[in-house]
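Biologist: I would like to learn how to read a protein model one feature at a time. Where should we begin?

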Amino acid sequence: MKTDKILVVLPHPDDEVFPMSGTLAKYIETGSEVVYACLTLGQMGRNLGNPPFANRVTLPAVREKELRKSCSILGIEDLRLLGFHDKTIEFEPHAYIDGVIAEVIDSVNPDVIFTFYPGFGVHPDHNACGAAVIRVVHAMEKGRRPVVLCTAMPTGEALRDPDIINQIDEVHMEKKLGAMQAHSSQFRIEDLIKMRKETKDSFMQRIQVEKFWIYDFDVK
């Protein structure tokens, strides 16, 4: 799979961290050019820091700063903020959001796109973002379509086994943890471990694995 140019299309700051940051860091280190198109600034995020250091007015600017820091740690130099509003992606007219995403795809001409697997993203914005990417790529001539690698989150629905399973090495785990810590308004590692009632070792083992599904446009 050619990976010279990679486009990441996700709806919120911090969506890049858990499912793919180690993989992206590795690709960047080996010479891939990564463009990250983030649809919103996560304005409606329920967390404001622990202890709180943001409020509903300041949160968008805080989250943009955190996202830029995360990108810097991972080596992403081209971040594009698309200006949509958090928790509204599912309500955007398809013609409009598809047009915006199509413009980004045309300008980047990626070999690979990373996004959420529609229907398996848990959050409505995740699913709507992934669905928009799939619609745009499906409308392209078959020979021009980039490979779409989808991440999926645990749900009650069954999804086939992943096509790609990446075990993140120590160097890229360090970058992943740094990117996680950059999004400090939304989570702290110690809080996540406590919330899930797991040990630090089990947490680290879990986030060291990143799984992806190649979207099959020929399956109805």
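Modeller: Begin with Lys 87, which sits in the loop between S3 and H3. Keep in mind that this is a predicted model.

Biologist: What is the phi of Lys 87 near?

Modeller: The general idea is that most residues other than glycine have a negative phi. In Lys 87, phi is near 65°, a positive value in a residue that is not glycine. Lys 87 is partly exposed, because its relative accessible area is 41%. Asn 109 also has a positive phi, of about 50°, and is not a glycine. Asn 109 belongs to the loop between H3 and S4. Its relative accessibility is 53%, so Asn 109 counts as exposed.

Biologist: Which peptide bond is cis?

Modeller: As a rule, most peptide bonds are trans. Here the bond from Asn 50 to Pro 51 is cis, with omega near 0°. Pro 51 is part of the loop between S2 and H2.

Biologist: Now the sheet. In what order do the seven strands lie?

Modeller: The order is S3-S2-S1-S4-S5-S7-S6, in an open sheet with mixed pairing. Strands S3 (78-81) and S6 (164-167) are the edges, as each pairs on one side only. From one strand to the next, the twist averages 25°.

Biologist: Which way do S4 and S5 run?

Modeller: S4 (residues 112-116) and S5 (residues 147-151) run parallel and are joined by five bridges. Within that pair, Ile 113 has Val 148 of S5 as its bridge partner. S5 and S7, in turn, run antiparallel, with two bridges between them. There, Leu 149 is opposite Ile 214 of S7. S6 and S7 are also antiparallel, over four bridges, and Ile 165 is partnered by Lys 211 in S7.

Biologist: Which strands does helix H3 lie across?

Modeller: Helix H3 (residues 94-108) lies across S1 (5-10), S2 (33-38), S3 and S4, and runs at about 165° to S1.

Biologist: How far apart are the end C-alpha atoms of helix H5?

Modeller: They are 18 Å apart. The 13 residues of H5 (residues 170-182), at 1.5 Å a residue, should span 18 Å, so the two values agree. At the start of H5, a side-chain oxygen of Asp 169 comes to within 3.3 Å of the backbone nitrogen of Val 171.

Biologist: Which residues of H5 are buried?

Modeller: In an α-helix there are 3.6 residues a turn, so residues three or four places apart point the same way. The buried residues of H5 include His 172, Met 173, Lys 176, Leu 177 and Met 180. Among the elements that cover the buried residues of H5 are helix H1 (17-29), helix H2 (59-74) and strand S7 (209-214).

Biologist: What does the side chain of Asn 127 reach?

Modeller: Asn 127, in helix H4 (residues 124-138), reaches the backbone nitrogen of Gly 121 with its side chain, at 2.7 Å. The residues that Asn 127 touches include Tyr 117, Pro 118 and Phe 120.

Biologist: Last, how many disulfides are there?

Modeller: A disulfide is a covalent bond between the sulfur atoms of two cysteines. The count here is zero. For Cys 71, the nearest cysteine sulfur is that of Cys 38, 8.2 Å away. Cys 71 counts as buried because its relative accessibility is 2%. The sulfur of Cys 150 is 10.0 Å from the closest cysteine sulfur, in Cys 129, which is too far for a bond. Cys 150 is buried too, with a relative accessible area of 0%.

Notes:
Residues are numbered from 1 along each chain as its sequence is written. This is a predicted model: local features need pLDDT of at least 70, side-chain atom pairs count only at pLDDT 80 or more; totals for chains, interfaces and linings use all residues. Side-chain values use heavy atoms; hydrogens and water are left out. The expected span of a helix is 1.5 Å times one less than its number of residues. Buried means under 20% relative accessible area, exposed over 50%, partly exposed in between (1.4 Å probe, protein chains only). Contact means heavy atoms within 4.5 Å. A polar contact is a pair of N or O atoms within 3.5 Å; within protein, one must be able to donate a hydrogen and the other to accept it, and residues adjacent in sequence count only if both atoms are side-chain atoms. A disulfide is a pair of cysteine sulfur atoms within 2.5 Å. Two strands pair if DSSP finds at least two bridges between them. Axes are lines fitted to C-alpha atoms, for helices over the stretch in contact, and angles run from 0 to 180 degrees between N-to-C directions.
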